[in-house]
Structure formats: structure tokens, C-alpha cells
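I opened this entry to look up the protein chain and the RNA strand beside it. My notes follow in the order I made them.

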Amino acid sequence: MDNKKVVTRFAPSPTGFIHVGNLRTALYAYLWAKRNNGTFILRIEDTDKAREVEGSIEHIMKALKWMGLDWDEGPDIGGPNAPYKQSERLESYKKYAQILIDKGLAYPDPYTQDELDGFREKAELEKRAFLYREYRPETFDVWDGTKALRFKVPEIKSYHWDDLVYGDLSAGPEALDDFILIKTDGYPTYNFAHVIDDLEMKVTHVMRGQEFISSVPKYLSLYDGLGIERPLFATLPPIMGKDGNKKLGKRDGAKDVLDYGKEGYLPEAMMNFLAFLGWNPGGEKEIYSKEELINIFDISRIGHSGAQWNDDKLDWFNKEYIKKLPQDELKNKIFEYLPEELKIEKLIPTIVDRISKFGDIKEMLERGELDFFFKSPDYTKEKLIYKNTSPDKISSNLKEAIISLQKLDEKEFSLENIKVTLMQIADKLENRGELLHPVRFALSGLDKSPDPFTIAEILGKNETILRLQKAI
RNA sequence: GGCCCUAUCGUCUAACGGUUAGGACAUCGGCUUUUCAAGCCGGUAAUCCGGGUUCGAUUCCCGGUAGGGUCACCA
């Protein structure tokens, strides 16, 4: 096993978008493959034709690409073990099904759906798990494809196995049953298909969520029945919803991965955040680039307990990554969310300080926080007054400010110079607010706004002077 | 109900028998040029409970409790 090239796979079913829980599974599989210079496979598990949603394969691929999880083999690019869609691998499943039939380990299910429902209902009434194998027929018909093909569990026993994350895992014989290999529609079940595919695609590490633990004995009995070597298992702890009481799932509002992109989250931030949801390299560093994650990711440090989804922490990660963005990239990103008249470079620092994701810009605009730039402020005289200062005093302060600012020429009208100029006046006052507040208000007309120096710099000399004169 | 998994601040986690139980997010307080934001500094806050094992348990074992998962011709 040690010398084998590491092969991992992400195997979604095309039933819609993938959410962040799915994405973390993909991320871990990706990181582990890359860490070991191995292969990361994308395989589409489209065996449930009823639930299939059109366009989801493209959607899923788009989501993986968004976060930079490129696959080495997949339905679009092919690979040595193509095809990578289960619906195109029916011959393989048939072949292995025949092997099982020949071994006497597979048989057609003689019961109707109603009969099965009856058995299940009975078990439920008796408050015990339903086990099909208790109804296994004595003699098997020849399978002609019109009935579902079931696996005959070779040996009913407790299974113990080793998991790379959880260590020793076990399940009682109740977990073992004659599950369906091939459905009446001719497609295999996940239980059967994934085992065959993993074998043929030489997958070495199967990484999947905790919800599969109780199914593992079924797979183990199938590996045994087939007489094939099984891969290594790495079980991932669940991601819980915001309330922390349920596994994250679509029906509880788990969002489409691509929606995070639309809201202005950076893929690097999402990757970093997701990597840390259930895994931690130890130590106190938290910001890790993709390359760093690849170098340090270790299956054995994946946690065992469910982690609650936390938007605040994601926002924090995102802000950290926004701050690290190169100027031109930052500018492009921000301008994407800005109307034409506000695509002003001077505005960028003011915006960056006030957002954690680019989508927040939309809300800033809605709240009118940037109105000062293109609208001449509209306010009542009283708003200019600072505490108990008299209107006359305010006026004379503003006049002094204008005179001083006039001395700066256009070129000198920088944040630093404006600040020095205004502070010189303000410091002579009993209260700095007697100047700073009216100036800020005259320029912005807003109760909450950036500081007066910043606004003045953004507006430029002419507009600043104009608004101050108007205020007087 | 059977089977299985889990349990450290509100949240994500570190500490793989000996620490004043560490960090981050959130929260609270302070500072910085009035407001807002950002930034900086600081505070509050945790080993689920009960038994063992041990000189010593967050750490190992058992039992409870709580939470989660699973028992499909879904994956």
C-alpha cells in the first residue's frame, strides 16, 4: 500500500448544486491527493435517473473550479479509467454482478414493492431495524434483469475495521443486509457501483462523511464476497448547521457554493475556512494559502466531532484575504459592485474598511453610506451644531477652515495635508469637535460617515470648499 | 427502538498523563483626530456528570447524560 500512488476521488451525484459540506469533502480529498503527488478524480454518480437534475454536472464542475479544485481525471477531460460517469459504466457493473451470481452471492429479489413495504412496516411496529435477509428466499431464480439483483451477504458477523480518521470502527451484524446491487431499471445502486468504480479507478483513499459509517459493513462484505482488496477509509466528521443541531443539508438552507462567489467571497478564503472546519494543523497560525494547505494537510489530524457552520468566522477569513489582495485586483473586484459614477480609486480604502465581502458594497450603497460622493448633502442647520457651541462660533470655525484649506493647491490637497491643516485649527479650540463635526457634516450630510479628512480628500479641493461655503 | 459516532470558552479549535488549560471568531471595555468603520491594547468566558486506573487525569477505561448519524430499487 505504501508504494501505491495515492488516488482520491470526489463523487457527487448530479441532483443539483453542491453545498459547502460537499465541497469540504472534495477539498480534503483534493488536498490529500496533492499532498502525496497523487491523483484526484471527479466521478459523477448518476445512477438515480429520477432525481437527476439537468445541468448539475456543469454546475458542480463550475463550483469545484471556482475554489481551484482541479481534477486530474474526470468526465470532461477523461483519463486512463474512463468513462467517469457511472451511467456510462454499466458494462463494468454487469461484469462484476455476473461474478457474484456465479459465486452464488447474488440473486433476484422475488418480492414486490408492496410486500417489501409490508415487511418494513412490521419491523417498524416491532421497533427493530428492518433486515431484508430475514426474508431471503431459499432458492434463487435465474436473474433475467426484470427483478432487482440483491447481494447475498456471505457471512453474518460483526465487522471491525480501521479508519484513518476515527481509528477502530465497528458495527454489529444488524448493519449487514442483502442490499440491492442492480435496480430494476438496470442501473446499479451507489452501494455496488462505487465499490466497483473505486476498484477499477485504483482509488486508494475513500473519503466520505460520517453518515456512511453504518453502511461500511455492507461494503466490506462486498469486498470479501468479490475477493478484492479494499481501499483505505477516511471518515469525515459532519458539518452542522448554524444552529448546531443538525447536519448541514440543502433542505436546511445550505447554500450553493457558487452563491458564495456571487456574494463576493474569495475562493481562497472559503478554502481556508473550510479546511479548518474539522481539521487543524496545530499551532496558532490560521491563514494558510492553498500551497501551504497542500504541504501540511494531514488526514490523521482531522477531528472526530461535528463542527458548526459559522458565518462570522468565514467573514473574518474573507476580510483577511481581501486585505491581502494586490491593489489592481482589489480595484477590479470593488468596481464590479460599484455604479459608474462611484468607480473612483480614492474610494477604495474607505470601502475596504467597511466590508467583509464584496457583496456588502451593495448594502453600503443601499444605506446611502457613499451618497456623499455624488450627491450634494442635504441637511438642516441644526445638524451642523456641535453640542452647545453657538452657531456663530461654528461659522467662524468653518470660515477659518476654508481660508486654511484655500492655501493648499490642488496637488497638495492630500489626506495628510488636509489632516494637518484642519487639526491645527481644531487643536486651538476648546473641543476639536467644534470644527471637526461641522466639517464632517457639511461634507457628508450623514450621521455616520468616514472622517472629514478622508471625505475631503475624496471630494477634492473645489467640492470641499464649495460644500463648506454652502454650510456657512 | 436497534446499531454506530461524538463530547474543552457562545462558536472553531490547541494541549496526544504533569500547562496559571493556549489561540482565533463573536462579545465586552479602553485607546487613536467629533460620528461610523478599520486598527491597536485589554477583559469576561471552557475540560458534560459519576466512577475507576495512576503519585498525577482535559487526556486512558467503564457507566450515565446529551447531541449527531443510520436502518431505501437515495447517494
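For sorting residues by class, I count Ala, Val, Leu, Ile, Met, Phe, Trp, Tyr, Cys and Pro as nonpolar, Asp, Glu, Lys and Arg as charged, and the others, Gly among them, as polar. With that rule, the surface near RNA strand B has 24 charged, 24 polar and 21 nonpolar residues.

**Entry 1: confidence.** I am working from a predicted model. I checked the scores before anything else. Chain A has a mean pLDDT of 94. In chain A, 99% of the residues reach 70 or more. For the complex, the predictor gives an ipTM of 0.96 and a pTM of 0.95.

**Entry 2: overall form.** I looked up the secondary structure of chain A and found 19 helices and eleven strands. Next came the dimensions. The C-alpha trace of chain A spans about 105 × 50 × 40 Å along its principal axes. Its radius of gyration is 32 Å, whereas a compact globule of 472 residues would have one near 23 Å. I then looked at burial and found that 34% of the 472 residues in chain A are buried. Of the contacts in chain A with a separation of 6 or more, 77% join residues 24 or more positions apart.

**Entry 3: the RNA surface.** How many residues surround RNA strand B? I find 69, and the closest are Glu-45, Lys-183, Tyr-190, Ser-305 and Ala-307. Several elements give two or more residues to this surface, among them helix 4 (113–125), helix 10 (311–324) and helix 18 (452–459). Strand 6 (167–171) and strand 11 (307–308) are also on that list. Which element gives the most? Helix 17 does, with four residues.

**Entry 4: strands 5 and 6.** I went back to strand 6, one of the elements by the RNA. Strand 5 (residues 159–163) pairs with strand 6 in the antiparallel sense over five bridges. The two form a hairpin with three residues between them. I noted one bridge pair here: Trp-161 has Leu-169 in strand 6 as its partner.

**Entry 5: strands 8 and 9.** Strand 8 (residues 205–209) pairs with strand 9 in the parallel sense over five bridges. Within this pairing, Phe-233 in strand 9 stands opposite Val-206.

**Entry 6: helix 6.** I listed the buried residues of helix 6 (residues 216–226). They are Val-216, Pro-217, Lys-218, Tyr-219, Leu-220, Ser-221 and Leu-222. What do they pack against? Their partners are strand 4 (149–151), strand 5, strand 6, helix 5 (190–200) and strand 9. Just after helix 6, Gly-227 takes a positive phi of about 70°.

**Entry 7: Glu-340.** I found Glu-340 in the loop between helix 11 (327–336) and helix 12 (348–352). Why does Glu-340 count as exposed? Glu-340 has 6 inside 10 Å, so it counts as exposed.

Notes: Residues are numbered from 1 along each chain as its sequence is written. Chains are lettered from A and ligands numbered from 1 in the order in which they are written. This is a predicted model: local features need pLDDT of at least 70, side-chain atom pairs count only at pLDDT 80 or more; totals for chains, interfaces and linings use all residues. The radius of gyration is taken over C-alpha atoms; the globule rule is 2.2 Å times the number of residues to the power 0.38. A residue is buried if 20 or more other C-beta atoms lie within 10 Å of its own, exposed if 12 or fewer, and partly exposed in between; C-beta atoms are placed from the backbone. Two residues are in contact if their C-beta atoms, placed from the backbone, lie within 7 Å. A residue is near a molecule or strand if its C-beta atom, placed from the backbone, lies within 6 Å of it. pLDDT is the predictor's confidence in each residue, from 0 to 100. Two strands pair if DSSP finds at least two bridges between them.
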